[in-house]
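Here is a short tour of the chain you are about to see.

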Amino acid sequence: MKLLSELISKKVLNLYSGKLEGLVIDALFDDKYQRIVKLKLSDFDEEEFEISTKNIYSVSDIVSIKNNAHITSLINKNEDKYNNPILKDVYSVSGNYYGKIIDIKIADNFKVDSFLTEVLTFTPRQIVNLKDNIIINTTNKKIKLSNFKPARTFTSLLSSAPQQDKVTILAPQIENLEQTNPNYTLSPLASPPKIIGNNDFLLGRKADKNIYSLNNELIIKKDSQITKKHLELAKRYGKLAELTIYSKKA
């Protein structure tokens, strides 16, 4: 049994080449937070990669892998979608607030044993809802999320009924256009714009508290002005959300 905070920042050793591949900087969980399925890595040039936990050979003082054949470029660079419950707020169905998840106990097979807040430890089986916030069941009564689903009303039944007599406008056939106008050509469709996250709005703001990585390395000191270096450290250690929450105007 180990803590996620102990896993973060561990070096990754390639047993075949004998070289260090980089550091563990984050973990990707399955959609029910029951297991870590991938580790997010950063090499020493700060390029980001990922590896499935199925291809991890062992974890001790370092993370060992057989070779680098299964290290791949990071597919999803949008860290908001990198599925990690750290810093998510925890509530009970009874309406109690238990703070934020600050660490996670993990078994040797990367299966989640329990989640830790500052005041509570709970298991994945207690989770009722894990979308925007974590909602847990702290009672002995079995509770399912479906119990809270709104009942279907007559209005909702009408709105979900199939609509009749819809008019469909058919696009002209390309063949006919080409026959009537031999100079007609199709224009290529424009690619959808890429959405690029930008955290530069944090530059110049001040940290409202000391912010540490999961292995207790200081990322930024309270009342320090946020620089690009702080942003890079916060991004590397998965602390951008916390830096955003605990920042203020200078």
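Accessible areas here come from the Shrake-Rupley method with a 1.4 Å probe, and for residues only the protein chains shown count as cover. By that method, the accessible surface of the chain comes to about 17,100 Å², with 50% of it belonging to carbon and sulfur atoms. Please keep in mind that this is a predicted model, in which local features need pLDDT of at least 70, side-chain atom pairs count only at pLDDT 80 or more, and totals for chains, interfaces and linings use all residues. Residues are numbered from 1 along each chain as its sequence is written, and side-chain values use heavy atoms, with hydrogens and water left out.

The chain has 5 helices and 19 strands; these are DSSP runs numbered from the N terminus, helices being H or I with at least four residues and strands E with at least two. Of its 250 residues, 33% count as buried. Buried means under 20% relative accessible area, exposed means over 50%, and partly exposed lies in between (1.4 Å probe, protein chains only).

Now to helix 4, residues 228-236, where His230, Leu231 and Ala234 are buried. Seen down the helix axis, these buried residues fall within an arc of 100 degrees, so they line one face of helix 4. The arc is taken from the directions from the helix axis to the C-beta atoms. Lys228 and Lys229, on the other side of helix 4, are exposed. The cover over the buried residues includes strand 18 (218-220) and helix 5 (240-245). After helix 4 comes glycine 238, with a positive phi near 65 degrees.

On the surface, Val93, Leu145 and Phe148 form a nonpolar patch with about 250 Å² of accessible area together. Such a patch joins nonpolar side chains (Val, Leu, Ile, Met, Phe, Trp, Tyr) within 5 Å, from residues with over 30% relative accessible area and no salt bridge (a side-chain nitrogen of Lys or Arg within 4 Å of a carboxyl oxygen of Asp or Glu).

Two residues make a handy pair to look up:

| Residue | Place | Relative accessible area |

What does lysine 2 touch, leaving aside its neighbours within four places in sequence? With contact meaning heavy atoms within 4.5 Å, the partners of lysine 2 are Val59, Ile104, Lys105, Ile106, Ala107 and Asp108.

Definitions and conventions
Patches are made of residues with over 30% relative accessible area and no salt bridge: like charges are joined within 9 Å, nonpolar side chains (Val, Leu, Ile, Met, Phe, Trp, Tyr) within 5 Å.
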